[in-house]
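Here's a quick briefing to read alongside the sequence and the coordinates. Have a look at the fold first, then come back for the details.

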Amino acid sequence: MAVSKLVLAATSGKSCKILLGLRVLAFLATLSAAIVMGLNKETKTFVVGNVGNTPIKATFTAKFQHTPAFVFFVVANAMVSFHNMLMIALQIFGGKTELTGFRLLSVAILDMLNVTLISAAANSAAFMSEVGKNGNKHARWDKICDRFATYCDHGAGALIAAFAGVILMIIISAVSISRLVQPNKCSSSTAASTSVVP
Amino acid sequence: MKLTQRLGGLVLRFAAFCAALGAVIAMITSRERSSFFVLSLVAKYSDLAAFKYFVIANAIVTVYSFLVLFLPKESLLWKFVVVLDLMVTMLLTSSLSAAVAVAQVGKRGNANAGWLPICGQVPRFCDQITGALIAGLVALVLYVFLLIFSIHSVVDPFLLRKS
């Protein structure tokens with residue numbers, strides 16, 4: 001099949017195999033983090049008071065859009081997974097394009113920017129969930145995790161996936177930068193290498 | 001490394017050192033007491049975990065910048081400095097992002113969670129925190145430039161130097 005031939009060509013060379021595997025893992029991790037947090041919603045009915053003998057019920061919803069940090073989290077994870085998807089497609093289907101100097105540099109710089117983006121998103125969501133889980137008695141903010149347990153659990157799962165994505169993106173960025181120093185092409189063409197090792 | 005490259009790197013790094021130091025100092029000295037009827041509220045940066053992380057991260061960046069300022073020109077550690085620059089940029093952006101997320105709740109509150117904003121009661125504290133966050137943002141931008149500059153001057157991806 002053509003697809004298996006493409007994949008085989010893209011993974012010639014050891015660092016190419018490692019890079020492709022890491023990028024697939026990072027793509028899956030960030031995509032799952034974005035999806036889990038994006039679908040995070042819980043509705044619950046509480047008794048807020050009593051009028052005589054009848055209890056008054058009110059319905060409260062916990063959505064991820066209520067917290068700007070979580071909105072940033074979803075958007076940033078979607079962007080990083082899109083970046084990884086582009087890089088995977090470039091590696092598999094861009095086999096004949098020559099990775100000349102500027103293209104290799106732009107891949108490395110994009111990887112570094114995405115590392116900072118995803119670490120910022122994961123960290124801001126982590127600190128906001130810490131405030132939501134423990135509350136803050138100095139500012140008189142009540143914790144919400146005792147009432148919306150499922151919402152908090154799903155958020156925690158998304159956070160774990162995002163931090164796994166952070167670690168994977170750091171390793172990917174390190175591999176990309178090391179490929180700047182010793183360029184070797186992950187392509188199917190057997191043309192002469194354009195890199196000149198000093 | 002050429003002299004202009006080294007000078008540019010030194011200037012950028014010194015500016016980033018000053019910005020990170022300013023962020024640390026602004027946040028540590030922000031402390032305000034306000035009385036709210038019979039309740040007395042003391043707002044300090046250590047009440048919130050995100051601000052503590054911000055102070056620690058920027059302190060690490062300050063010390064690191066100070067040490068790299070004195071690295072000799074022909075040392076072999078410059079390649080390691082590129083890696084450390086990336087780590088430090090990540091540290092800066094994560095601490096700034098967390099502090100901004102929590103400060104935004106402090107300024108505007110969160111109506112859905114029943115969290116009231118606290119900036120109305122402690123305005124000077126809020127202003128100083130804002131200043132510290134701006135200084136942190138300046139340090140981050142300078143470090144992004146430094147990162148690209150380090151890669152250009154140390155790794156030499158275009159293989160422009162003949163040696």
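Predicted model: local features only at pLDDT ≥ 70, side-chain atom pairs only at ≥ 80, totals over all residues.

Chain A comes to five helices and two strands, while chain B has four helices and two strands.

**Chain A overall**
- Reading along the sequence, you get α-α-β-β-α-α-α for chain A.
- Of the 198 residues in chain A, 42% are buried.
- If you take the contacts in chain A with a separation of 6 or more, 75% of them join residues 24 or more positions apart.
- The accessible surface of chain A is about 10300 Å², and carbon and sulfur atoms account for 69% of that.

**Chain B overall**
- From the N terminus on, chain B goes α-β-β-α-α-α. Its radius of gyration is 19 Å, well over the 15 Å that the globule rule gives for 163 residues, so chain B is more spread out than a compact globule.
- The C-alpha trace of chain B spans about 75 × 30 × 20 Å along its principal axes.
- Buried residues account for 51% of the 163 residues in chain B.
- Among contacts in chain B with a separation of 6 or more, 76% are between residues 24 or more positions apart.
- Chain B exposes about 8400 Å², with 73% supplied by carbon and sulfur atoms.
- On the charge side, chain B carries 14 positive and 6 negative side chains, and the centres of the two sets are 2 Å apart.

- In the model, residues 69-90 of chain A are 100% helix and 0% strand, with 31 Å between the end C-alpha atoms.
- Residues 102-122 of chain A are likewise 100% helix and 0% strand, and their end C-alpha atoms are 30 Å apart.
- Residues 83-106 of chain B are 100% helix and 0% strand, with the end C-alpha atoms 35 Å apart.

**A:Ser173, a buried residue in helix 5**
- You'll find A:Ser173 in helix 5 of chain A, which covers residues 149-181.
- A:Ser173 has 0% relative accessibility, so it counts as buried, the cut-off being under 20%.
- Leaving out residues up to four places away in sequence, A:Ser173 touches A:Asp111, A:Met112 and A:Val115, plus B:Leu86 from the other chain.
- A:Val115 sits 58 residues from A:Ser173 along the chain, yet their C-alpha atoms are separated by 7.4 Å.

**A:Arg140, an exposed loop residue**
- A:Arg140 lies in the loop between helix 4 (101-134) and helix 5 of chain A.
- With a relative accessibility of 51%, A:Arg140 counts as exposed, because the cut-off is over 50%.
- The backbone is worth a glance here: phi of A:Arg140 is near 60°, a positive value in a residue other than glycine.

Methods:
Residues numbered from 1 in each chain as written. Chains lettered and ligands numbered in written order. Heavy atoms only, no water. Rg over C-alpha atoms; globule rule 2.2 N^0.38 Å. Buried < 20%, exposed > 50% of the residue type's maximum accessible area, 1.4 Å probe, protein only. Contact = heavy atoms within 4.5 Å. Areas by Shrake-Rupley, 256 points an atom, 1.4 Å probe, with all protein chains shown as cover. Lys, Arg positive; Asp, Glu negative; His and termini not counted. Charge placed at Lys NZ, Arg CZ, Asp CG, Glu CD.
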